[in-house]
Amino acid sequence: MGFSLLFIRIKNQEIVDADRDGLARFLAENQLYVHTQVGSGALVDQNETALAFNGYLSDLYLDPLEQSEPITGGIYHATLSEEECIFIYDLCVAGKMLIVNPQTNPMYIIPATNHDQHNIPDLNDAVWVNSAAEMLLVLSQGFNAFKVYKEKVMRQYHDKDHPQA
């Protein structure tokens with residue numbers, strides 16, 4: 001698989017700061033920290049080994065907790081492995097962040113009711129999930145719909161450029 005997700009906190013339809021204390025506790029419990037030298041907010045352990053899921057390096061990132069701007073995070077190439085989904089869900093719960101999935105519906109995935117309905121820009125494009133398993137199900141369905149759409153577009157593109165005789 002492999003698509004991008006963004007982790008943010010929204011209030012009155014504006015990006016606001018994540019729960020820094022919650023994120024700090026989460027990182028400490030997982031013995032991780034934000035390493036700005038390895039990459040843009042890469043998460044690493046005390047040996048400066050990058051975060052990995054199922055033996056594969058992850059490009060999940062988080063803004064440094066010391067910055068003055070609102071803390072956000074994301075992942076450039078989500079694999080949707082169970083281990084990765086559990087981590088993302090727990091990270092977003094700790095930081096009181098929602099997940100923005102720009103590829104397909106729903107665009108807003110809200111873990112553990114950490115956002116009120118009035119703070120979501122489009123309730124028709126939002127879903128609340130209560131576990132990493134529910135989050136995986138929502139993302140997997142969205143990804144499969146995205147794959148079907150992509151295949152349809154590619155088929156139309158191919159048919160346009162290579163009409164059959």
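Two rings of Phe, Tyr or Trp, the last represented by its six-membered ring, are taken as a pair if their centres lie within 6.5 Å. In this predicted model, ring pairs on that definition link Phe26, Phe53 and Phe87 into a cluster.

**Close-up 1. The phenylalanine cluster formed by Phe26, Phe53 and Phe87.** The three residues shown, Phe26, Phe53 and Phe87, are linked to one another by ring pairs. Across the structure as a whole, the number of aromatic pairs is three.

**Close-up 2. The stacked ring pair of Tyr61 and Tyr76.** Among the three aromatic pairs of the structure is that of Tyr61 and Tyr76, whose ring centres are 4.9 Å apart and whose planes meet at 25°, so that the pair counts as stacked, the cut-off for stacking being planes under 30 degrees apart. Because Tyr61 belongs to strand S7 (residues 60–62) and Tyr76 to strand S8 (residues 73–78), the pair ties together parts that are 15 residues apart in sequence. With a relative accessible area of 13%, Tyr61 is buried, whereas Tyr76, with a relative accessible area of 42%, is partly exposed.

**Close-up 3. Strand S1 with its antiparallel partners S8 and S9.** Strand S1 (residues 3–11) pairs with S8 in the antiparallel sense, and four bridges are found between these two strands; within this pairing, Leu5 is placed opposite Ile75 of S8. S1 is also joined to strand S9 (residues 98–100), again in an antiparallel arrangement, by three bridges, and here Phe7 is the residue that stands opposite Ile99 of S9.

**Close-up 4. The hairpin of S1 and S2.** Strand S2 (residues 14–16) pairs with S1 over three bridges, the two strands running in the antiparallel sense, and Ile10 has Ile15 in S2 as its bridge partner. Two residues lie between the strands of this hairpin, in which Asn12 adopts a positive phi near 50°.

**Close-up 5. The buried cysteines Cys85 and Cys92.** Cys85 has a relative accessibility of 1% and therefore counts as buried, while Cys92, for which the relative accessible area is 0%, is likewise buried.

Definitions and conventions. Residues are numbered from 1 along each chain as its sequence is written. This is a predicted model: local features need pLDDT of at least 70, side-chain atom pairs count only at pLDDT 80 or more; totals for chains, interfaces and linings use all residues. Side-chain values use heavy atoms; hydrogens and water are left out. Rings of Phe, Tyr and Trp (its six-membered ring) pair if their centres lie within 6.5 Å; planes under 30 degrees apart count as stacked, over 60 as edge-to-face and the rest as tilted. Buried means under 20% relative accessible area, exposed over 50%, partly exposed in between (1.4 Å probe, protein chains only). Two strands pair if DSSP finds at least two bridges between them.
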